[in-house]
Amino acid sequence: MDLGISGKRALVCASSKGLGLGCAEALAEAGVNLVMNARGSEALEASAQAIRDQYGVDVVTVAADISTAEGQAKVITAAMGVDILVNNAGGPPPGMWMDWDREDFIAALDANMLAPIALMKALMPGMMDRGWGRVVNITSVSVKAPVAVLGLSNSARAGLTGYVAGTSRQVAGQGVTINNLQPGIHATDRAVALDTGVSSQQGISMEEAQAQRSATIPAGRYGTRSEFGATCAFLCSQHAGFIVGQNILLDGGASNLVM
């Protein structure tokens, strides 16, 4: 399918690896020029060059911490005028409710709620002026099915979801859509970190920890970054203009929900 976005320009945050990289790759395959952001410059440059080599698109890299005001300013300067924004940031650490203090919640909000909002506020007016734009926020399955040990993520991402629910309806008339992708377990560094925790806590091997979690997924496996990226690219395409303010779950059927 021709996504109809060849020649457009996208900012993809936290895109040196994992789900963000999957989104960047899928957009590049569709002919979209990229601004790629991540905190670590070495992995970012390597991923950007691989995309240039494979897809022949223009890629600008910005190594910066998107959760800080300085990082946001740096990324916004490089990305001004983009047609597509993919918001993404690593999730806060797991724990128990008594572990977290105010500073922990502020850090989670900065990375997983306030940073995406700041980028939307900076970049969507240009999209609205041009009459076309796409925003995809990578959130989490925990928004629909909260995970007890991910209370910081539950809280911050639910706040972003509420913001998007109202804002998406305000900008849709100007040709700009905002939607959220909610990943379940995918084969990324985040899954490795969580599986390592399970392995340590239960005294089992990593393979056993992975098998244990895979058994909770009706699809019987972890998701891949390529299939996640393909879904993101579709939401950014010319075909998705009537999808507004939705929360799309990609979890292999693990969440047994009606809505």
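Contact means heavy atoms within 4.5 Å. By that criterion, and not counting residues up to four places away in sequence, Gly71 touches Ala64, Asp65 and Ile66. The model is predicted: local features need pLDDT of at least 70, side-chain atom pairs count only at pLDDT 80 or more, and totals for chains, interfaces and linings use all residues. Residues are numbered from 1 along each chain as its sequence is written, and side-chain values use heavy atoms, with hydrogens and water left out.

**Gly71**

- Gly71 is found in helix H3; helices (H or I, at least four residues) and strands (E, at least two) are DSSP runs, numbered from the N terminus.
- Gly71 is buried, with a relative accessible area of 5%; buried means under 20% relative accessible area, exposed over 50%, and partly exposed in between (1.4 Å probe, protein chains only).
- The C-alpha atoms of Gly71 and Asn37 are 9.7 Å apart in space, while the two residues are 34 residues apart in sequence.

**Salt bridges**

- Side chains of opposite charge can pair when their charged atoms come close.
- A salt bridge is a side-chain nitrogen of Lys or Arg within 4 Å of a carboxyl oxygen of Asp or Glu.
- Arg225 pairs with Glu25 in a salt bridge whose closest N and O atoms are 2.9 Å apart. This pair links distant parts of the chain, with Arg225 in helix H8 (residues 225–235) and Glu25 in helix H1 (residues 18–29), 200 residues apart. Arg225 is partly exposed, at a relative accessible area of 35%.
- Asp83 and Arg130 form a salt bridge at 3.6 Å, N to O. Asp83 lies in the loop between helix H3 (69–79) and strand S4 (84–87) and Arg130 in helix H4 (residues 102–130), so the pair ties together parts that are 47 residues apart in sequence. Asp83 counts as buried at 13% relative accessibility, and Arg130 as partly exposed at 42%.
- Arg213 and Asp195 form a salt bridge, the closest N and O atoms being 2.7 Å apart. Here the linked parts are helix H7 (residues 206–214), which holds Arg213, and helix H6 (residues 189–202), which holds Asp195; the two residues are 18 residues apart. Arg213 is buried, with a relative accessible area of 16%, and Asp195 is buried too, with a relative accessible area of 1%.

**Asp251, a buried charge without a salt bridge**

- Asp251 is found in the segment after strand S7 (247–250).
- Asp251 is buried but has no salt bridge, and the nearest side chain of opposite charge, Lys144, is 8.9 Å away.
- The Asp251 side chain reaches the backbone nitrogen of Ser255 at 2.7 Å. A polar contact is a pair of N or O atoms within 3.5 Å; within protein, one must be able to donate a hydrogen and the other to accept it, and residues adjacent in sequence count only if both atoms are side-chain atoms.
- Apart from its neighbours within four places in sequence, Asp251 is in contact with Val141, Gly184 and Ile217.

**Asn179**

- Asn179 lies in strand S6 (residues 176–183) and counts as buried at 0% relative accessibility.
- The side chain of Asn179 reaches the backbone nitrogen of Gln246 at 2.8 Å.
- Not counting residues up to four places away in sequence, Asn179 touches several residues, among them Val135, Asn137, Leu235 and Gln246.

**Aromatic rings**

- A pair of aromatic rings is described by the distance of the centres and the angle of the planes.
- Rings of Phe, Tyr and Trp (its six-membered ring) pair if their centres lie within 6.5 Å; planes under 30 degrees apart count as stacked, over 60 as edge-to-face and the rest as tilted.
- The structure holds 1 aromatic pair. Trp100 and Phe105 form this edge-to-face pair, 6.2 Å centre to centre, with 80 degrees between the planes.
- Trp100 is buried at a relative accessible area of 13%, whereas Phe105 is partly exposed at 32% relative accessibility.
- The charged end of Lys8 sits over the ring of Trp132, 4.3 Å from its centre; the criterion is NZ of Lys or CZ of Arg within 6 Å of the ring centre and within 35 degrees of the ring normal.

**Backbone at Ala14**

- Most residues other than glycine have a negative phi.
- Ala14 is not a glycine, yet has a positive phi of about 50 degrees.
- Ala14 is placed in the loop between strand S1 (9–12) and H1, and is partly exposed, with a relative accessible area of 25%.

Note on methods: Lys, Arg positive; Asp, Glu negative; His and termini not counted.
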